[in-house]
Amino acid sequence: MDKNEFSVVVASEAHAGYAEQICDEMAESAKARGTGIARRSPDYIVNKMTEGKAVIALHKDGTWAGFCYIETWSHGQFVANSGLIVNPLFRKCGLAKAIKNRIFALSREKYPDAKIFGLTTGLAVMKINSELGYEPVTYSELTQDENFWSGCKSCVNFDILTAKGRKNCLCTAMLYDPVEKQKEIEEKQKQLEEEMKKSSRKTSLFERIEEKLRGSVKVLFSFILLIPKLLHL
């Protein structure tokens, strides 16, 4: 199945009819993975849609294909892209990446100064996050909002998390820091400008050398032309 058969858009009230199906699939997926997540109600999902804080993927025939939503923590200083789910009928089509890309862009639009983070054990999600600019970090760099961490209570690994003082667990923490990314961009721009200056200096040096060589050739050629005259003196 081709991913061009799907549309990935910002969800709205018009998509509220899919909420119950999305919630059921989230629960089934967590069960199949052997992990627990805080179960969301259809009303919660509808609220995210109404607020414009969710992305939904639909097949061209109108079938629900995937979903993800935004949660904020620490008064908007941190943002998480949560509840990523793809309809089993449409997996292996590249939809997860398309949804992640769109929800990431939406997060940056709505919260340009917020740090975007995630906790995951999935290698595919880690790869997508890396491509988006996330970096692996320690748990101490994530939000310390108790409401966020209470969401881990339904996970089968919660005892591991608490035993380790919430410093690490089986999930990998990944973070996108817009301030650090801007510094990286500025540093790369600075390096590029320095390389261009060096290249310009080298070009200028070569031009001066070339000009001197042309001058030397002219002098030598003039001298050669004078040789016959000097021989007849």
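# Reading salt bridges and strands

Visitor: Is R91 buried, exposed or partly exposed?

Guide: R91 counts as partly exposed, because its relative accessibility is 39%. Buried means under 20% and exposed means over 50%. Keep in mind that this is a predicted model.

Visitor: Which residue forms a salt bridge with R91?

Guide: Start with the general idea. Side chains of opposite charge can pair when their charged atoms come close. Here, E25 pairs with R91, with the closest N and O atoms 3.5 Å apart.

Visitor: Is E25 buried or exposed?

Guide: E25 is at 17% relative accessibility, so it counts as buried.

Visitor: How many salt bridges are there?

Guide: The count is 10. Another one joins K115 and D177, whose closest N and O atoms are 3.9 Å apart. K115 belongs to strand 5 and D177 to the loop between strand 7 and helix 7, so this pair ties together parts 62 residues apart in sequence. K115 is partly exposed at 29%, whereas D177 is buried at 13%.

Visitor: What is the distance between the closest N and O atoms of R166 and E146?

Guide: It is 3.1 Å in that salt bridge. R166 is in the loop between helix 6 and strand 7, while E146 is in helix 5, 20 residues away. Salt bridges can also share partners: E135, K181 and E184 are joined into one network that way.

Visitor: Now a strand. How many residues of strand 2 are buried?

Guide: Check cover residue by residue, then check direction. In strand 2 (residues 54–59), six of six are buried. A54, I56 and L58 point one way; V55, A57 and H59 point the other.

Visitor: Which strands pair with strand 2?

Guide: Look for bridges. Strand 1 pairs with strand 2 in the antiparallel sense over five bridges. The hairpin of strands 2 and 3 has four residues between the strands, and G62 takes a positive phi near 95°.

Visitor: And surface charge: which residues form a positive patch?

Guide: K197, K198, R201 and K202 form one. K198 lies in helix 7 (residues 178–231). With 48% relative accessibility, K198 counts as partly exposed.

Conventions: Residues numbered from 1 in each chain as written. Predicted model: local features only at pLDDT ≥ 70, side-chain atom pairs only at ≥ 80, totals over all residues. Heavy atoms only, no water. Patch = residues over 30% accessible without salt bridge, like charges linked within 9 Å, V, L, I, M, F, W, Y side chains within 5 Å. Areas by Shrake-Rupley, 256 points an atom, 1.4 Å probe, with all protein chains shown as cover. Salt bridge = Lys/Arg side-chain N within 4 Å of Asp/Glu carboxyl O. Lys, Arg positive; Asp, Glu negative; His and termini not counted. Charge placed at Lys NZ, Arg CZ, Asp CG, Glu CD. Helix = DSSP H or I, 4+ residues; strand = E, 2+ residues; numbered from the N terminus. Buried < 20%, exposed > 50% of the residue type's maximum accessible area, 1.4 Å probe, protein only. Pairing = 2+ DSSP bridges.
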